[in-house]
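Dear colleague,

Please find below the structure I promised to hand over, followed by some notes on how its parts meet. I would be glad if you could read the notes with the coordinates open.

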Amino acid sequence: MASQNKKKILNDPVYGFITIPNELTFDLVEHPYFQRLRRIKQLGLSELVYPGALHTRFHHALGAMHLMGQAIQTLRGKGHRISEPECDAAQIAILLHDIGHGPFSHVLEYTILQGIPHERLSLLLMEELNRQFNGGLSIAIQMFEGTYSRPFFHQLISSQLDMDRMDYLNRDCFYTGVAEGTIGADRIIKMLDLVDDHLVVEAKGILSIENFLSSRRLMYWQVYLHKTSLCAESMLVQIIRRARFLLTQTGSGRDGETAVFTTPALHTFLSKPITMEDFQDNPDYLNAFTQLDDYDIWTSVKFWSRHPDRVLSTLCRMLLDRRLFKIILSDQPFAGDLVREIEQQLLEAGIQQDELSYFLVEGVATNSAYLPSIDNINIKLKDDRIIDIADASDLPGIKALTNMVRRYYLCWAKNLTRQPVRLV
């Protein structure tokens, strides 16, 4: 029987042809854990603003792996020794860096699972894959965790100038059509170098880094934190919150007219709080998580749109029909008088006092394009001095990008209308 051909070339709309570098990587791409990422959109509900934003975490992970390969070839070309096992491990680590994302990526990260960031679940899944592949991911896990002896690998995977950001900015610009956010990823990668096994950028790449940071800031306000996306995301969070409330009510059960339909995987995480210790102690929880994707949420939302609970059904119908909340933004917290005025409008529309928090949401969106306090983007000058990009740039705006910008938002169900619930 002929063996399977695992030397595959994929046609990516952003980069052209992407090569699967080896058999282990091919097997990881084929694994159900990774295939699940086909069913998780990269940008959550941004498609309600940008209709083309339908790409997935699967696309993004493959693109980041491709860029990792390019970065390693650049560093090798500058005389740095990188072995084949290290190259393979770095590409595997970036390929799997988002494997722990749940439905709608960041939108529901702390709603379905409370207090568990996706990076910790990615590590758990990588450790499980390492067991399944007889230790083949050990070096990749060290690079992902930042414990490998050569720090630049972790910097390429997770830093302020990593292959993750390179790809998602490139890819998100492409699919949203926001051309202003385009970055020169190819040139930045060509400018990468190492000093004492730490990542630096050659001085002639300063302009590209300036553009990269400015583009990242623009993409956050124009795409990731777009006001309409904030509305839709707030509605989805309140839908999940209401469904969890109904599920956990004494006597609500899973039968009868008041039952709250969920897929089995979603029910696992809505029926009770699951901690990181639960994941570590009981493999059933990790298995349930790997069955969870965007389709569980949308299927449930469609069912809930006909649920007799008026809060749940109203919110679901509004989201399905794109009748989104009204939103206002401010650079200061909102005055209490304004909030009370909106609360009164909702009460007059028939919302009960104990239901107000589902239809009136306050929040704050934060954005800082560059945080040198976390890690630096270091520039290697022609005299071999190493300085931070904020000091190397002659643009005053780069220093300004280190400031945390906050935008407070208030969104609510304006012009709320109730339609009769039709049970089927």
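Across the interface of domain 1 and domain 2 there are nine residue pairs in polar contact, both residues being at pLDDT 80 or more (a pair of N or O atoms within 3.5 Å, where within protein one must be able to donate a hydrogen and the other to accept it, and residues adjacent in sequence count only if both atoms are side-chain atoms). On the side of domain 1 that touches domain 2, the elements giving two or more residues are helix 5 (118-132) and helix 10 (206-224), and helix 5 gives the most, with five residues (helices are DSSP runs of H or I with at least four residues, numbered from the N terminus). By class, that side of domain 1 has 19 nonpolar, six polar and five charged residues, where Ala, Val, Leu, Ile, Met, Phe, Trp, Tyr, Cys and Pro count as nonpolar, Asp, Glu, Lys and Arg as charged, and the others, Gly among them, as polar.

Please note that this is a predicted model, in which local features need pLDDT of at least 70 and side-chain atom pairs count only at pLDDT 80 or more, while totals for chains, interfaces and linings use all residues. Residues are numbered from 1 along each chain as its sequence is written, and side-chain values use heavy atoms, with hydrogens and water left out.

The domain assignment, which is automatic or from a database, gives domain 1 as 8-225 + 371-402 and domain 2 as 227-366 + 408-416. Their centres, taken over C-alpha atoms, are 31 Å apart.

With regards
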